[in-house]
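Subject: Structure handover

Hello,

Here is the structure I promised to pass on. Please open it alongside this note. My findings follow below.

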Amino acid sequence: MNWISTTKKGEFLKWFLDHHQLKNKEARRLIEYIQKNHHLLKNLSFTESVHPKERTIMISSISSDEPGFHFYSNGFKTEDVSRAFGSLMNNPTDKIFIILHYFGKHSDHRYTQLVETHRIHSIKQFEQSEKDAKATDLVVEIALLKSQINKALDDRNEELFHELVKKLKEIQK
């Protein structure tokens, strides 16, 4: 997973507050609190899905159809911003997930590059591409060996034939 600097996270939160009016006014103070505390930013991850067993903060701007504020922690859900403040103050080193809802977020590169699920998806895509490339290389290598085996038969080169068949058996294991 790519590392995202606390500076980048803080700058995005500042931009978000400067450009969006929030449905819940107290949520603004919560974001400002997170933004000003390096240790909170360090443990902050942007996400698109609720992590009910983990601390997840969901905040919406007035342009969103989503609720203004929700806080999830250990299977508990509340709309009380003060509970989120309390959790952050009492457990400043615990992981925090944040979901922001605002118009145009899915096409906003500033936001999408911070979203953890986006990065995880990209990593999984890359890993799958690597597996597919290795499988393709193997298929090509086997086809090439079979072609060379046929040529060795046509040329009646028994020594080369046995050598290539042995190599093919090793690859197919």
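Start with confidence. Helix α6, residues 116–154, has the lowest confidence in the chain, with a mean pLDDT of 81. Strand β2, residues 55–60, has the highest, at 94. This is a predicted model. The chain averages a pLDDT of 87. At least 70 is reached by 94% of the residues. Where pLDDT is low, the coordinates should not be read in detail.

**Overall layout**

The chain has seven helices and five strands. From the N terminus, the order is α-α-α-β-β-β-β-α-β-α-α-α.

What radius of gyration does the chain have? It is 27 Å. A compact globule of 173 residues would come out near 16 Å. The C-alpha atoms fill a box of roughly 85 × 30 × 25 Å along the principal axes.

Buried residues make up 38% of the 173 residues. Among contacts with a separation of 6 or more, 63% join residues 24 or more positions apart. The accessible surface is about 11,100 Å². Carbon and sulfur atoms account for 51% of that surface.

**Helix α2**

Helix α2 covers residues 25–36. It has twelve residues and reaches 18 Å from its first C-alpha to its last. That is close to the 16 Å expected at 1.5 Å a residue. Ala27, Leu30, Ile31 and Ile34 are buried in α2. Seen down the axis of α2, these buried residues fall within an arc of 100°, so they line one face of the helix. Lys25 and Lys36 are exposed on the other side of α2.

**Helix α4**

Helix α4 spans residues 81–90. Which of its residues are buried? They are Val81, Ala84, Phe85, Ser87 and Leu88. These residues cover an arc of only 165° around the axis, so they sit on the same side of α4. What do the buried residues of α4 pack against? The list has two helices to look at, α2 and α3 (38–42). It also has the strands β2, β3 (69–73) and β5 (96–101).

**His101 in strand β5**

His101 belongs to strand β5. Is His101 buried or exposed? Its relative accessible area is 14%, under the 20% cut-off, so His101 counts as buried. His101 and Ser60 are 41 residues apart in sequence. Their C-alpha atoms are 4.4 Å apart in space. Leaving out residues up to four places away in sequence, His101 touches Met58, Ile59, Ser60, Ser61, Ser64 and Glu66.

**Two loop residues with positive phi**

Asn74 lies in the loop between β3 and β4. Strand β4 covers residues 76–78. Phi of Asn74 is near 50°, a positive value in a residue other than glycine. Asn74 has a relative accessible area of 65%. That is over the 50% cut-off, so Asn74 is exposed.

Arg156 is in the loop between α6 and α7. Its phi is near 55°, again positive in a residue other than glycine. Arg156 counts as exposed, at 78% relative accessibility.

Ala143 is in helix α6. Ala143 and Leu168 are 25 residues apart along the chain. Their C-alpha atoms are separated by 9.6 Å. Remember that α6 is where mean confidence is lowest.

Helix α7 runs over residues 158–171. Its 14 residues should span 20 Å at 1.5 Å a residue. Its end C-alpha atoms are 20 Å apart, so the model agrees. Leu164, Leu168 and Ile171 are the buried residues of α7. Seen down the axis of α7, they fall within an arc of 60°, so they line one face of the helix. Which residues of α7 are exposed on the other side? They are Glu158, Glu159, Glu163, Lys166 and Lys169.

Best wishes

Notes:
Residues are numbered from 1 along each chain as its sequence is written. This is a predicted model: local features need pLDDT of at least 70, side-chain atom pairs count only at pLDDT 80 or more; totals for chains, interfaces and linings use all residues. Side-chain values use heavy atoms; hydrogens and water are left out. Helices (H or I, at least four residues) and strands (E, at least two) are DSSP runs, numbered from the N terminus. The expected span of a helix is 1.5 Å times one less than its number of residues. Buried means under 20% relative accessible area, exposed over 50%, partly exposed in between (1.4 Å probe, protein chains only). The arc is that of the directions from the helix axis to the C-beta atoms. The radius of gyration is taken over C-alpha atoms; the globule rule is 2.2 Å times the number of residues to the power 0.38. Contact means heavy atoms within 4.5 Å. Accessible areas come from the Shrake-Rupley method with a 1.4 Å probe; for residues, only the protein chains shown count as cover. pLDDT is the predictor's confidence in each residue, from 0 to 100.
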